[in-house]
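Here is a short note to read alongside the model. Please have the sequence and the 3D view open as you go through the points.

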Amino acid sequence: MRKTKPRTPASLKATKVQLRLRPAQKAILARAAELRRTSLSNFMLEHAYEAAQQVLAEQVDIVMSPAEWQAFCKALDAPPRAIPALKKLLTEASVFDG
């Protein structure tokens, strides 16, 4: 269960965002927030923030020197190394093959 911090002037939010939702959308979000035992605002903020972080993480540029880039490309182009345990795992029947 989540613990909430007491509201002090330092913890108050400085800006706000307003959304227009269809009633069905709000009902689904409110139900999900209720299941997580948090407010609708906190639920939306947490999930929107996580989604934004994921989008930003996908846009990160990786900077390499030309030598590092060549080594990276060489590693990608190299044939895969043999891993006997992996080969055994993928060739034997599993419990899901029933």
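Predicted model: local features only at pLDDT ≥ 70, side-chain atom pairs only at ≥ 80, totals over all residues.

1. Which side chains meet in a salt bridge? They are those of R31 and E34, at 3.0 Å from N to O. The structure holds one salt bridge, so this pair is worth a look on your screen.

2. Why can these two partners face each other? R31 and E34 are three residues apart in helix α1, and therefore about one helical turn separates them. An α-helix has 3.6 residues a turn, so residues three or four places apart point the same way.

3. Is E34 buried or exposed? E34 is exposed, because its relative accessible area of 55% lies over the 50% cut-off. R31, at a relative accessible area of 45%, is partly exposed.

4. Now follow the chain past the helix. R37 comes after α1 and sits in the loop between α1 (23–35) and α2 (40–58). Please check the backbone here: R37 has a positive phi of about 55°, although it is not a glycine. R37 is also exposed, with a relative accessible area of 67%.

Definitions and conventions:
Residues numbered from 1 in each chain as written. Heavy atoms only, no water. Helix = DSSP H or I, 4+ residues; strand = E, 2+ residues; numbered from the N terminus. Buried < 20%, exposed > 50% of the residue type's maximum accessible area, 1.4 Å probe, protein only. Salt bridge = Lys/Arg side-chain N within 4 Å of Asp/Glu carboxyl O.
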